[in-house]
Amino acid sequence: MSQIISRKTLLKLIGSMVAAGKTVIGPAAAGERYFFQVLKKADSVVIDPAIMPANSIKEFLFPRHETLCRYHYEGKKLILLDAEPFTTEQVIFGARACDAASLPILDKVFSWDFQDRFYQERRAKTTVVTLVCRGGDKNCFCTSVGLAPDSPDGSDAMLLDLGDGSFEVRCFTDKGRVIFDGNTAASDKVAVPPKGPEIRFDVKRVEKYLADHFDDPVYAETSLRCVGCGACTYVCPTCHCFDIVDEGGPMKGERVKNWDTCQFAMFSHHASGHNPRSNQAVRQRNRVQHKFCIYPGKFGVILCTGCGNCTRECSATLGIWPLLELIDEKAK
């Protein structure tokens, strides 16, 4: 027997959580596009937009701007104050499997040689309810990196559309079971997940080619149309570069963590004036090498979930999978 929930009951559940003052995040329309947002009212949520929203759920665990500590002077004495711990429970509804799958990957980064309590506190307080994709678009390639529309990685619970106004509910963790406790009904209906997009490239072949062809001209050729805006990294579920700076004045201010990206010209600029990645071609190479060669070598997992957002949101329609297809073709 499976557990199911009607769309009406699901929206009522979300509404009750919002009304109770809980932090609930879900896809909401902004013009003709969809973004994950903190919901102010239940009727603003769009549980199942046709494609993944334009931003990733990572920003609710790894914010674009986060205070680490505050400082001020009292006379000649410097006072340091730690940032308040994150104590708010938050629930994310409608995440795609390719987005949720980024969380176990990011866990490795933020609990590796340093325990990042800021990320870890948010992670522990977050419940992720994913929605299995019904179709996707031409930019989706989750199957090429070993995932699928119903991959459970990073999900506490999963919704599968039954096509009759209801969803099968699959809970994977206690956090997921708590959310749906008392809100589902037993049923003999079982959803059949879609197969997902066709495999676009051989990821093992790509990884080997990258390791053996560091100076391949493909980077220079493809980066000619890249403007270095960094949009691909900001919408990517797994990109995690950040900078730590002091903001404020000489007498008081904050030490903050801000998103950064390897696609910015100043990202690797040294204080000496030297920049080892002085052009877009080598910056493009760094991004691809990191995702499909360097990171797997360190952590044993690809730094990409095949969501396609990097291409979907690229003003030059580049992103990463067109480049990977070119590399795979060269590797044959």
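**Close-up views of a predicted model**

**View 1. Ser 166 in strand E9.** Ser 166 sits in strand E9, which covers residues 166–171. The model shown here and in every view below is predicted. Is Ser 166 buried or exposed? Ser 166 has a relative accessible area of 7%, under the 20% cut-off, so Ser 166 counts as buried. Neighbours within four places in sequence are set aside for its contacts. Gly 253 lies elsewhere: 87 residues from Ser 166 in sequence, and 50 Å from C-alpha to C-alpha.

**View 2. Asp 153 in a loop between two strands.** Asp 153 belongs to the loop that joins strand E7 (126–131) and strand E8 (157–161). Its relative accessibility is 36%, so Asp 153 counts as partly exposed. Which residues does Asp 153 contact, leaving aside its neighbours within four places in sequence? They are Ala 97, Ala 100, Ala 101, Pro 104 and Leu 147. Arg 225 is 72 residues from Asp 153 along the chain. The C-alpha atoms of Asp 153 and Arg 225 are separated by 34 Å.

View 3. The chain holds 11 aromatic pairs. One of them joins Phe 110 and Tyr 119. This pair is stacked, with 25° between the planes and 4.6 Å from centre to centre. Phe 110 is buried, at a relative accessible area of 3%. Tyr 119 is buried too, with a relative accessible area of 3%. Both rings also take part in a cluster linked by ring pairs. The cluster includes Phe 62, Tyr 234 and Phe 242. Trp 259 and Phe 264 belong to this cluster as well.

**View 4. An edge-to-face pair, Phe 201 with Phe 292.** These two rings form an aromatic pair with centres 6.4 Å apart. The planes stand at 80°, and the pair is edge-to-face. Where do the two residues lie? Phe 201 is in the loop between strand E10 (185–187) and helix H6 (203–212). Phe 292 is in helix H9, residues 280–299. The pair therefore ties together parts that are 91 residues apart in sequence. Phe 201 and Phe 292 are both buried.

**View 5. Thr 317 between two helices.** Thr 317 falls in the loop between helix H10 (309–312) and helix H11 (321–331). Phi of Thr 317 is near 50°. That is a positive value, in a residue other than glycine. Thr 317 has a relative accessibility of 52%, over the 50% cut-off, so Thr 317 counts as exposed.

**View 6. The whole chain, for orientation.** The chain contains 11 helices and 12 strands. Its C-alpha trace spans about 70 × 65 × 40 Å along the principal axes. A compact globule of 332 residues would have a radius of gyration near 20 Å, and the 21 Å of this chain agrees with that. Of the 332 residues, 50% count as buried. Take the contacts between residues at least 6 apart in sequence: 71% of them join residues at least 24 apart.

Note on methods
Residues numbered from 1 in each chain as written. Predicted model: local features only at pLDDT ≥ 70, side-chain atom pairs only at ≥ 80, totals over all residues. Heavy atoms only, no water. Helix = DSSP H or I, 4+ residues; strand = E, 2+ residues; numbered from the N terminus. Rg over C-alpha atoms; globule rule 2.2 N^0.38 Å. Buried < 20%, exposed > 50% of the residue type's maximum accessible area, 1.4 Å probe, protein only. Contact = heavy atoms within 4.5 Å. Phe/Tyr/Trp six-rings, centres within 6.5 Å; stacked < 30°, edge-to-face > 60°.
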